[in-house]
Amino acid sequence: MSNVQNYDPDCLFCKIVRGDIPSDKVYEDELCYAFRDIDPQAPTHILVVPKTHIASCGAVTAENAGLVGYIFTVIAQIAAAEGLDKGWRVVSNVGPDGGQSVPHLHFHILGGRCLSGQMG
Ligand code: AMP
């Protein structure tokens, strides 16, 4: 079980990080957790989330920007480890109009097929 700061008992991804709900884990360290999306939109579809509960990119501040930058280093490592050498996409949806369905900051890593021309 992982420690989640700002744990939100109503948050699906807080529960996944804590291990209360099972997930197909790809990566974990003290700051972030990555797992395969349950409804993959590409051959590789991984979600990377901070272990602390942040609602979305809309809640990124000077205080947590370092964590977000660190998560991008993990995203690059995961993409390399998944062999996405022809390219990949990172997406973070924000709010209802942005298509966000889980209000815990997460980055989708999508790859393994050509994604060009599909932006929404
Ligand atoms: P978003 O719509 O940007 O908030 O992304 C939420 C993502 O979480 C979607 O792509 C869902 O398929 C994915 N998802 C929902 N529940 C689970 C789960 N239990 N395990 C893995 N992925 C999930």
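**Cores, strands and a buried lysine**

Modeller: Ile46, Val48, Ile71, Ile75, Ile78, Phe107 and Ile109 touch the most other members among the 16 residues of the largest nonpolar core. At least two residues of this core come from each of strand 2, strand 3, helix 2 and strand 5. Helix 2 supplies the largest share, 7 residues. Another core, of 11 residues, lies apart from it and has Val4, Val17, Leu47 and Val102 among its members.

This is a predicted model, in which local features need pLDDT of at least 70, side-chain atom pairs count only at pLDDT 80 or more, and totals for chains, interfaces and linings use all residues. Residues are numbered from 1 along each chain as its sequence is written, and side-chain values use heavy atoms, without hydrogens and water.

Biologist: What makes a set of residues a nonpolar core?

Modeller: The members must be buried Ala, Val, Leu, Ile, Met, Phe, Trp, Tyr or Cys residues, joined through side-chain atoms within 4.5 Å.

Biologist: Which residues does Ile75 touch?

Modeller: Leaving out residues up to four places away in sequence, Ile75 touches Val48, Trp88, Val90, Phe107 and Ile109. Contact here means heavy atoms within 4.5 Å.

Biologist: Is Ile109 buried or exposed, and how do you know?

Modeller: Buried means under 20% relative accessible area, exposed over 50%, and partly exposed in between (1.4 Å probe, protein chains only). Ile109 has 0% relative accessibility, so it counts as buried. Ile109 lies in strand 5.

Biologist: Why is strand 5 called largely enclosed?

Modeller: Because 5 of the 5 residues of strand 5 are buried, the rest of the structure largely encloses this strand. Phe107, Ile109 and Gly111 point one way, His108 and Leu110 point the other way, and all are buried. In a regular strand the side chains alternate between the two faces of the sheet. Strands, like helices, are DSSP runs numbered from the N terminus (helices H or I, at least four residues; strands E, at least two).

Biologist: What is the order of the strands in the sheet?

Modeller: The 5 strands form an open, antiparallel sheet in the order 1-2-3-5-4. Strand 1 (25-28) and strand 4 (88-91) are the edges, because each has a single partner strand and one side of each is left without a neighbour in the sheet. From one strand to the next, the twist averages 20°. Helix 2 packs on this sheet, touching strand 1, strand 2 (32-36), strand 3, strand 4 and strand 5, and its direction makes about 155° with that of strand 3. Axes are lines fitted to C-alpha atoms, for helices over the stretch in contact, and angles run from 0 to 180 degrees between N-to-C directions.

Biologist: How do you know that strand 3 and strand 5 pair?

Modeller: Two strands pair if DSSP finds at least two bridges between them. Strand 3 and strand 5 (residues 107-111) have 5 bridges, in the antiparallel sense. Within strand 5, Phe107 is the bridge partner of Val48, and Leu110 stands opposite His45. Strand 4 and strand 5 also meet the criterion, with 4 antiparallel bridges; Val91 has His108 as its partner in strand 5.

Biologist: How many bridges join strand 1 to strand 2?

Modeller: These antiparallel strands are joined by 3 bridges, and they form a hairpin with 3 residues between them. Ala34 in strand 2 stands opposite Tyr27. Strand 2 also pairs with strand 3, antiparallel over 5 bridges, where Ala34 faces Val48.

Biologist: Why is Lys51 called buried?

Modeller: Lys51 has a relative accessible area of 9%, so it falls in the buried class. Lys51 sits in the loop between strand 3 (44-50) and helix 2 (65-81).

Biologist: What makes the pairing of the Lys51 and Glu28 side chains a polar contact?

Modeller: The term requires N or O atoms within 3.5 Å; within protein, one must be able to donate a hydrogen and the other to accept it, and residues adjacent in sequence count only if both atoms are side-chain atoms. The side chains of Lys51 and Glu28 make such a contact at 2.8 Å. A polar atom of the Lys51 side chain also lies 2.7 Å from the backbone oxygen of Asp29.

Biologist: How many disulfides does the structure hold?

Modeller: The structure holds 0 disulfides. Cys57 is in none, as its nearest cysteine sulfur, that of Cys32, is 14 Å away; a disulfide needs two cysteine sulfur atoms within 2.5 Å. Cys57 has 30% relative accessibility, so it counts as partly exposed. Cys114, at 61%, is exposed.
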